[in-house]
Amino acid sequence: STSTPTSTPTTASHHNFPIETKQRKADSANQFLKQPPPPPSIMPPNTQGFVTHHDRDDNGVVFPPHSDDQRIRCAILGCGMMGQEHISYVMGYSKDVRINFLCDPHEPSLSKARQIMDKFHSTSSNGARFLEPHNPMAFNSQDELLQHAADIDLLVIASPNYLHTPTLMQWGKHDLTILVEKPVAVSQEQIDDLRQLSADPAFAARIWVAMEYRFIPAIAKLVSLIPAVGEIKMVTIRENRYPFLHKIGKWNRDSKKTGDTLVEKCCHFFDLFRLITGEEANLSKVRALAQRGLNYGQEKDQFDEPIIDSAFVTMPFQDPKSMGASKQQTSSLSPDSASSASSVSSSSSSSSSSPETNWRKIIGCLELCMFAEGSRHQEEVIVTGTKVRGMRWIVPCD
């Protein structure tokens, strides 16, 4: 909430700055998260150079940072591969955001995070210092970081997947903005926990899930062209790529910790289906065919159940406003009829489907192959309408 400024500012109970300042920082943090990512030429900065254009004006002059009490105070929770990318992006906006805290139980990850920040503090080619040196506080325990919740405006959660929900359960009652890596949950139990948290009157955080594929230039261009395709009939997304990279403790090989491959990697694509169609998948009619155990066989300490290596997933879509009526219809369908695209229930309140209403449905297909190194196009999105078939290739950003 906000208050009208007075000669004696009212302070928030858990912050050491005025309420109106707290609200401004919350708004700034939310706006910061909505900014488009750096262009592909500097993605990711930790492999292609650290000095970005975001801290310089049109003449190349470095922007002076805001004073410490004005910049968004950021904490990075999880300093592995994804955390390090977030650090390099945030450092590109250092005139607005300052990383004050790092947290990771793995000391080498903390060390690498510091190295990335040090790159921004190094001297540029013309002898001018890019940013003033700054050493954030570093912790190995989330409990230690929680003690500083009152000093954090923006929390970036980049820990392993299975920790996202437990972390949100701990931080969700604090008045701050949270950017959490995908997927936000890896099981039905975690989804139930998050629903319970969101219904809690004490829930205070503003949460944004990192579905950055929406901001990839090729996707943004495709979405802008959707009106030209006519009425959308089919959306196909393909990913043909290399196996998962190695991560600490091999957690990304454990389906219980990742939600399995279709959750860990393909949640981006399911989100794109929703973005492109403007509709929701009819979950009762989603069908999948998958293969396991084709990758990682040479690695030691195998898990009892290998993760998915390839899959086809098909799904019909429907307007969210009609989903209540469709649920009633779905209950009367047999398993055989429900598996057929031609039997997709009508979005109207009618008790039966007609050929005309079936024809108006959008259908989608996801194709995934995790052992296709060297593919010409790693990721493709195809939208077919009544007038045009549009295709885009995505620059890899995993």
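What covers the buried residues of helix 7 includes helix 6 (164–171), with buried meaning under 20% relative accessible area for a 1.4 Å probe and protein chains only. This is a predicted model, in which local features need pLDDT of at least 70, side-chain atom pairs count only at pLDDT 80 or more, and totals for chains, interfaces and linings use all residues. Residues are numbered from 1 along each chain as its sequence is written, and side-chain values use heavy atoms, leaving out hydrogens and water.

**Helix 7**
- Helix 7 spans residues 188–199, and its 12 residues reach 17 Å from first C-alpha to last, close to the 16 Å expected at 1.5 Å a residue.
- Gln-190, Leu-194 and Leu-197 are the buried residues of helix 7.
- They sit on the same side of helix 7, because they cover an arc of only 60° around the axis.
- Glu-189, Arg-195, Gln-196 and Ala-199 are exposed on the other side (exposed is over 50% relative accessible area).

**The largest pocket**
- The largest pocket (an open set of points on a 1 Å grid, with protein on both sides within 12 Å along at least five of seven lines) has a volume of about 1400 Å³.
- Its lining, meaning residues with an atom within 4 Å of a point, numbers 41 residues, and Ile-191, Cys-267, Phe-270, Arg-274 and Leu-283 lie nearest the centre.
- Elements giving two or more residues to this lining include helix 7, strand 6 (206–210) and helix 11 (267–277).
- Helix 7 supplies the largest share of the lining, six residues.
- By class, the lining has 26 nonpolar, nine polar and six charged residues.

How values were computed:
Helix = DSSP H or I, 4+ residues; strand = E, 2+ residues; numbered from the N terminus. Expected span 1.5 Å × (residues − 1). Arc of directions from axis to C-beta. Contact = heavy atoms within 4.5 Å. 1 Å grid on protein atoms, 1.4 Å probe; cavity = no way out; pocket = protein on both sides within 12 Å on 5 of 7 lines; lining within 4 Å. Points joined across faces, edges and corners; volume = space filled by probe spheres on them. Nonpolar A, V, L, I, M, F, W, Y, C, P; charged D, E, K, R; others polar.
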